[in-house]
Amino acid sequence: MTGKGKSRWADSAEDAALEAQLKKEKEEKKRLKAEKARKAAEAEKKKREAEAAAAAQRRQQHQTGDDDDDANGPPAKRRRLSPDRDAPPPSQAASTASSSNDSSKLLRFEGGRFGKCRSVENYDKLNDIEEGAYGWVARAREIETGKVVALKRLKIDPKDRSGLPVTGLREIQILKDCSHRNIVKLKEVVVGDDTSKIENIFIVLEFLEHDLKSILEDMPEPFLASEVKTLLLQLCSGIAYLHSHYILHRDLKTSNLLLNNRGQLKIADFGMARYVPDPPPPKLTQLVVTLWYRAPELLLGAARYGPEIDMWSVGCIFGELLTREPLLQGKNEVDELTKIFELCGLPTDDSWPGFRRLPNARSLRLPSTTSSTSFSNPTTTALIRAKFPLLTTAGVSLLASLLSLNPAKRPTAHEMLDHEYFRQEPKPKHEAMFPTFPSKAGQERRRKRETPNAPQRNQKGNESGIVDFSSLAVGGIFGAGREREERGGGFSLRMV
Amino acid sequence: MSHMVNPLATPDQLYQRRSFSALPTELQDAIFFSTQCLTQAAGLLLQLPQSVTAQANVIIARYWLEEPMMSHEFSDISAASVYLTAKLSPYPRSPRDLALVYNYLLSPSSTFFQPLASASGDSPPPPPTNIPNDYYLPEHIYNSFHTRMLDCESRILYALSFNTHVSLPHPLAITYLQALDFLNTSKSTVSKRTLAYLNTALLSPQMLYLTSQPNALAVAAIYNAAKDVGAKMPECEWWEVFDVDREELGFLVVGMRSVDGWGRKMREDVERIKAETESGKRGGMIRRRDVEGELRRRGLSVGNGYAKGAGGTGAGSEEPVDMEAEMARRMDEKMAEIEGSAS
C-alpha cells in the first residue's frame, strides 16, 4: 500500500503488521459502534421503563384499579382527572367485546395544555435588534437555560379602545399552530412583571442571526445560482406548509425572511397573516403586503384573493435574490403598477380574463387587444429574459410564471417545489455548505431601512382600497422590451 | 392536525379548582352553568354563529381553571370571552354591541333565567314586562363596561398564555355521521340531536370540553343521539374507528346525559340564591354580590375566601387592585340606579 502497490508478492512483515493494525482498528470501531448502539438501546429501554413507571405511578396516584395496558405501549387510557370520577361503563357498551383493549391501537391526540404566561423577567436583554413600525425586537437570553432568543414586543396603542390588536393575536395563534423548519418558532408569550395590568406583552421567538434583506444589502457579490436555489427551496417549502394549512402570510419580503449561520431560512413576521378558507371569503382587506411585493390583483383592488398573492411576493423575492435589489420599487400604488406592467407586459383579456372587472381597473386605460397583436405585447417570459440575461431557461420560466399577472396562472407552492429549475445543474447547495455572514442582529443596531412598511390596518385615507390609476403614466412603459417594435404605439394610454 | 386537538386541563388544574378554591363546589357549578348560559344567550342576540359562541364557552371554562371565579364579575368574563372570540373570527362585534346585549340580558326586563315552575306547585311568575328604560345604556355605563371588558380580555389572554385555539367537535361529528351513513335514519333528526348533545355539553360543570378531545366528544354525542332516536348502531366497536376507547366513551355518554338534570338543579339553586337577595326577585343572572350574600348567610367569610382563592393560584399581589375595581363597580351601579330612577 505504501508505495509498492504493484508488487504482488510483497507480503512482508511490515505489510502484515499494517494489515493487522487496520483490521484491529476496524474491529475496534465496530466494537465501539456496537457498544454505542447497545448503550442507546439501554437508554431507550430505561427511558421507556421510566415512562411506564411514571405512567403507573400516575395511575396509582389517581386510585385507578385497572392496570391492563402493557408497559411498552403509550399510556393510552383516558387520563384520570380526579379521584372521585370512576365512570360506570354503560351496560349497552359493556355487552360487546370486553377484551379488545389490548388488540386495538387507538390514536392519541396530544393537544398540550394551557396555563398562565410567564414573566419577561425570565429573560435578560442583550441588545436591541430593531425598532420601527413593527414594534420593538431585542435579543435576549433566557436566564434559566442560557438560550438566546428574540423578544418581540406586541405593539399596543393605549388609546385604541378595541383591546389587544387582532393582528398580534392572530400572529401568536398562527405561530403557535405552525411547526415547520422553515417557519420561525414561537417559544412562548411572556408579560411584564406587573400582572395586575397586562400592558407589556412579548413574543419569544427563536433567534436567527440575519435577515435576508441586510445580507443582500451588504454582500459584495450576489448569491451563487446554487445558493439562490437553496434559499428559494426553503422559502417555498415553508410557504407550501402555510398554504396547506390555510394560512396566508400576506407580507412576504426579504426583511421578513431570517437566515441563521447554518444556512437555514425561516419565514417570520406573521403580523399580516391570517387563516383563509378555501374558497376564500368574499371580502378580505386589500391593504396587505408591502407595496414592492404586492400582487397586481391587490393593486387593482380585488377583495377576493388567495395564496397566489404570496406566490407573487415569492417571484419578487426571487428577482431580488438574483440582483440584490428589490425588483419593483414603486413610489406609490400607481407607480408600482406601472413598474409591474413594464416588467411583465400589459394584461390582455386573453392572458387575464376578467381583470377589467376589478374595482380599480376602471380608471385604467389600456389598449384594446384587437388592435395589437402578440407582437406588440411581448410575453412576460421574453421581458424577464431580457431583464435577467444570466438566468437559465428553467429559471426564467419559473420566474415568469410566478410573476404572471393573472393569479390563476401562478404556480402553487407545491408545484413550484417540483419545478425543473431545482433539478437542473447547478444543484441547490447543501445548507451546511452555505457561506456565513457577520451578524448584525447579534452585535449592533441596524441601519434604518428604506423598505416601505407593510400597510397599517387602520391607515386613514386609503381604507376603501380604491386607487385611482387614471394618472398611470406609461410613456415608456415598454422601454425594456419593445426595441423590436417599429409600428409605434399599438396602444395608447390616455390620461383622463 | 392542530384543527382536531385542544389543549386539555391537567389533573392538577382540575383538582385545584375543587379543593383550594374558596367557593363551595355547588356554588361554583351554579356560577359556571349560569355564565355559560348567559354566554349562549348573548351569542344568540349578537347573531353570532354557534362556532364562535361555543369557543367563548370553552375559553371561559379554561380561564376559570387558572383564576379564581370571584376575581371578576361573571358577566364581564362572559362578555370579554365573546368579544375576544368574535374578534378573532370572521364575525367581529363592536364593544357597543356587546354592551347593549349584556345590559339588556342583565336588566329586569330580560327573560334570561326566567323562573321555572317550582316543585311546590305554584305557577311560574308571568314574564317580566318589557320596560325599555330598564336597559337604556347611558354613556358612562357603556364606558365602564367597555373598560372592564378590555381588562378581562387581557386577563383571560394572560391566564391562557394567549392560546386562543379551540377546536370544536361539531364538524367532526357531522363527518363521522356521514361515515356512518347517518345510521340509516333521517339525516336531520340524528344530526340535530347530536349537535344538541354537543351544545349541551358546553354547559356541563364537568367541563367535558377540557377533559376530552373533540373526536371523543363527537363520538359520545353520536352514541347518545342514536340511542335517543332509536337508530341502529354498528354491531362492532365502531367508536374505535374514531380513536375513542370504550371507557372514555362511557364516561362521556353518562356525562352528557346528566347535564339536563344537573342544569335544572342548578337553575333552582340560582333562583333560590337570587330570591334571598335584597331585591327578592327570583329570576335573572347570578352576580358576584349574590354569591357574596349567599356566603355570608352560610357563615363563610368572603374576605377569607378571596385570599384563599387568590393564594391558591399564586396571585396574591392582585388584592388591592381588585378592591379598587370593586369600589368602582359599586359606584357605577349606584350611579346607574340614580340615573335609572331619575329618568
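A:P426 sits in the loop of chain A that runs between α11 (413-417) and α12 (440-443). The model is a predicted one, and in it the peptide bond that joins A:E425 to A:P426 is cis, with omega at about -10°. That is worth a second look, because most peptide bonds are trans, just as most residues other than glycine have a negative phi.

In chain A, Y246 is not a glycine, yet A:Y246 has a positive phi of about 65°. A:Y246 falls in the loop between α5 (225-244) and β8 (247-248) of chain A. With a relative accessibility of 44%, A:Y246 counts as partly exposed, because that class lies between the 20% limit for buried and the 50% limit for exposed.

The other case is in chain B. B:N184, again a residue other than glycine, has a positive phi near 60°. The loop that holds B:N184 lies between α7 (170-179) and α8 (187-201) of chain B. B:N184 is classed as exposed because its relative accessible area is 70%, and exposed means over 50%.

Back in chain A, the chain is split into two parts: domain 1 covers 120-206, while domain 2 is made up of 210-362 + 378-433. Where they meet, domain 1 of chain A puts in 16 residues and domain 2 of chain A puts in 22 residues. Together, these two domains of chain A bury about 1700 Å², and carbon and sulfur atoms account for 51% of that area.

As for specific pairings, three salt bridges are counted between domain 1 and domain 2 of chain A. A salt bridge also links A:K266 with A:E206, whose closest N and O atoms are 3.3 Å apart. Polar contacts between domain 1 and domain 2 of chain A come to eleven residue pairs, both partners being at pLDDT 80 or more. On the side of domain 1 of chain A that touches domain 2 of chain A, helix α3 (residues 166-177) of chain A supplies the largest share, namely six residues. Sorted by class, that side of domain 1 of chain A holds six nonpolar, four polar and six charged residues.

Definitions and conventions: Residues numbered from 1 in each chain as written. Chains lettered and ligands numbered in written order. Predicted model: local features only at pLDDT ≥ 70, side-chain atom pairs only at ≥ 80, totals over all residues. Heavy atoms only, no water. Helix = DSSP H or I, 4+ residues; strand = E, 2+ residues; numbered from the N terminus. Buried < 20%, exposed > 50% of the residue type's maximum accessible area, 1.4 Å probe, protein only. Domains from an automatic or database assignment. Contact = heavy atoms within 4.5 Å. Buried area = accessible area lost by both parts, 1.4 Å probe. Salt bridge = Lys/Arg side-chain N within 4 Å of Asp/Glu carboxyl O. Polar contact = N/O pair within 3.5 Å; in protein donor to acceptor, adjacent residues only side chain to side chain. Nonpolar A, V, L, I, M, F, W, Y, C, P; charged D, E, K, R; others polar.
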